Amino acid sequence: MSDFIPLSVPSIKGNEWKYIKECLDTEWVSSVGNYVDQFEKKIAEYTGTKYAVACINGTSALHVSLLLAGVKPEDEVIVPTLTFIATVNSIKYCGAYPVFMDSDCYYNLNTEKTIEFIIKETEMKKTNISGGNEEWRSYNKRTGRCISAIIPVHIFGNAVWLDDIYKVCKEKNIKIIEDAAESLGTKYSKGKLKGKNTGSIGELGCLSFNGNKIITAGGGGMIITNNKKYAEKAKYLTTQAKDDSVRFIHNEIGFNYRLSNIQAALGVAQLEKLGSYIKIKKNNYDLYKKYIQKIDGLNLAAVPEYAVNNYWMYALQIDKERYGKDKKQLMRHLHDNNIQSRPVWYLNHKQKKYKCCQSFFIEEAEILYQETLNIPCSVNLRKESILKVIEKLNER
Ligand SMILES: Cc1ncc(COP(=O)(O)O)c(C=O)c1O
């Protein structure tokens with residue numbers, strides 16, 4: 001299927017072969033090696049954070065970050081319902097419960113509603129924490145559980161508006177863990193966070209280098225933070241919590257979550273290309289936009305005006321009455337013409353394992369779910385392919 005147009009695939013055109021060959025030639029292929037160190041250093045520099053700790057994937061980065069932020073079994077973590085399930089599962093891995101929030105017009109956490117929830121539905125209580133100390137923590141009035149963290153997810157590369165919620169979370173002692181799996185390269189251009197990268201604002205930020213992301217390591221993730229203690233503990237927990245590596249003493253339960261040198265070599269080569277990838281993705285977005293806005297009933301979703309976007313994934317919005325086809329019918333039509341598209345994730349508050357958890361007035365996410373299809377966005381996407389997608393969108 002040579003004319004197949006995939007949704008989001010990697011572009012391997014830089015130093016990938018060279019760096020991986022070096023790993024093979026030197027036989028440094030596993031989780032210790034020069035490229036792991038380089039990748040961490042370069043990601044920290046790029047994101048403007050002090051520390052970066054490589055992990056096997058974005059999901060493990062989220063899991064460990066929640067543990068570092070102090071999320072305990074029976075706690076609750078605020079999360080948008082519209083996100084990939086990995087965000088939500090990482091909460092469950094800690095034995096905690098998600099509390100689901102609605103979306104805003106950029107597919108992100110609806111921060112206004114979330115603030116309303118925090119102000120009206122939670123109360124502060126003095127709580128015993130480790131070492132016999134006490135701390136004020138937020139509790140959900142309805143469930144009585146401690147809300148220890150929130151995960152804003154920068155969906156499709158769109159930066160979550162964190163200016164207001166940041167302050168509320170500080171006051172309420174709710175730790176912010178950013179899921180920046182999809183938004184490497186996105187930077188705030190307005191507001192109090194102007195100049196800062198997504199992932200660098202909360203206590204911890206998590207990146208993914210899965211094959212469909214803006215850059216890939218084959219698979220991989222990264223925890224970024226400005227907190228030295230978190231970074232040290234992240235390294236400790238992701239390498240089996242070794243307290244004495246000679247006698248195999250492990251005083252905590254650790255994980256085998258470290259990235260391999262081969263994957264890191266791929267990641268380093270990809271990172272060298274990130275700037276050019278973002279430019280290509282923006283140009284392709286603009287080209288799509290130019291044609292899609294002429295099609296009655298279709299709209300290419302806008303990106304936030306308060307950030308410089310990485311344009312990772314394009315979201316096509318369908319008004320089925322005006323367009324004449326719904327999401328499913330359009331997906332089938334594109335599929336029949338060798339074009340891959342994807343609906344947005346099934347909303348997590350409706351997933352079998354999460355139906356029982358609390359959700360707070362979910363309305364906008366339902367609409368976005370009904371009307372959205374993601375369309376091809378790979379860096380390699382050629383102009384002819386974009387024009388073919390447009391041609392097929394014009395066939396009603
Ligand atoms: C929003 C979001 N969070 C988390 C993840 C998990 O990352 P990974 O696949 O690297 O585990 C992904 C991507 O896969 C994602 O898109």
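A polar contact is a pair of N or O atoms within 3.5 Å; within protein, one of the two must be able to donate a hydrogen and the other to accept it, and residues adjacent in sequence count only if both atoms are side-chain atoms.

## Basis of the model

The model is predicted: local features need pLDDT of at least 70, side-chain atom pairs count only at pLDDT 80 or more, and totals for chains, interfaces and linings use all residues. Residues are numbered from 1 along each chain as its sequence is written, and side-chain values use heavy atoms, with hydrogens and water left out.

## Ligand site

The ligand is surrounded by 16 residues, of which Thr-59, Asp-179, Glu-182, Ser-208 and Lys-213 are the closest; a residue is near the ligand if one of its heavy atoms lies within 4 Å of it. For Thr-59, a side-chain N or O atom is 2.5 Å from an oxygen atom of the ligand. A polar side-chain atom of Ser-208 stands 2.7 Å from a ligand oxygen, and for Lys-213 the separation between a side-chain N or O atom and an oxygen of the ligand is 3.0 Å. The protein buries 92% of the 380 Å² that the ligand exposes when taken alone (accessible areas by the Shrake-Rupley method with a 1.4 Å probe; for residues, only the protein chains shown count as cover).

By composition, the shell around the ligand holds five nonpolar, eight polar and three charged residues. In this division Ala, Val, Leu, Ile, Met, Phe, Trp, Tyr, Cys and Pro count as nonpolar, Asp, Glu, Lys and Arg as charged, and the others, Gly among them, as polar. Helices α3 (58–68) and α4 (85–93) each supply at least two residues of the shell, and α3 gives the largest share, three residues.

## Overall fold

The protein has 13 helices and 15 strands, taken as DSSP runs numbered from the N terminus (helices H or I, at least four residues; strands E, at least two). Its radius of gyration is 21 Å, close to the 21 Å given by the globule rule for 396 residues, so the protein is as compact as a globular protein of that length. This radius is taken over C-alpha atoms, and the rule is 2.2 Å times the number of residues to the power 0.38. Along the principal axes, the C-alpha atoms fill a box of roughly 65 × 60 × 40 Å.

Of the 396 residues, 57% count as buried (buried is under 20% relative accessible area, exposed over 50%, partly exposed in between; 1.4 Å probe, protein chains only). The protein exposes about 17700 Å², and carbon and sulfur atoms supply 51% of that area. Among contacts with a separation of 6 or more, 71% join residues 24 or more positions apart, a contact being heavy atoms within 4.5 Å.

## Loop residues

Asn-310 lies in the loop between β12 (307–308) and β13 (314–318). Asn-310 counts as buried because its relative accessibility is 0%. Its side chain reaches the backbone nitrogen of Trp-312 at 3.0 Å. Leaving aside residues up to four places away in sequence, Asn-310 touches several residues, including Phe-156, Glu-182, Ile-214 and Lys-281.

Tyr-107 sits in the loop between β3 (97–101) and α5 (111–121) and is buried, with a relative accessible area of 1%. Gln-240 is in the loop between α7 (228–238) and α8 (261–271) and, at 35% relative accessibility, is partly exposed.
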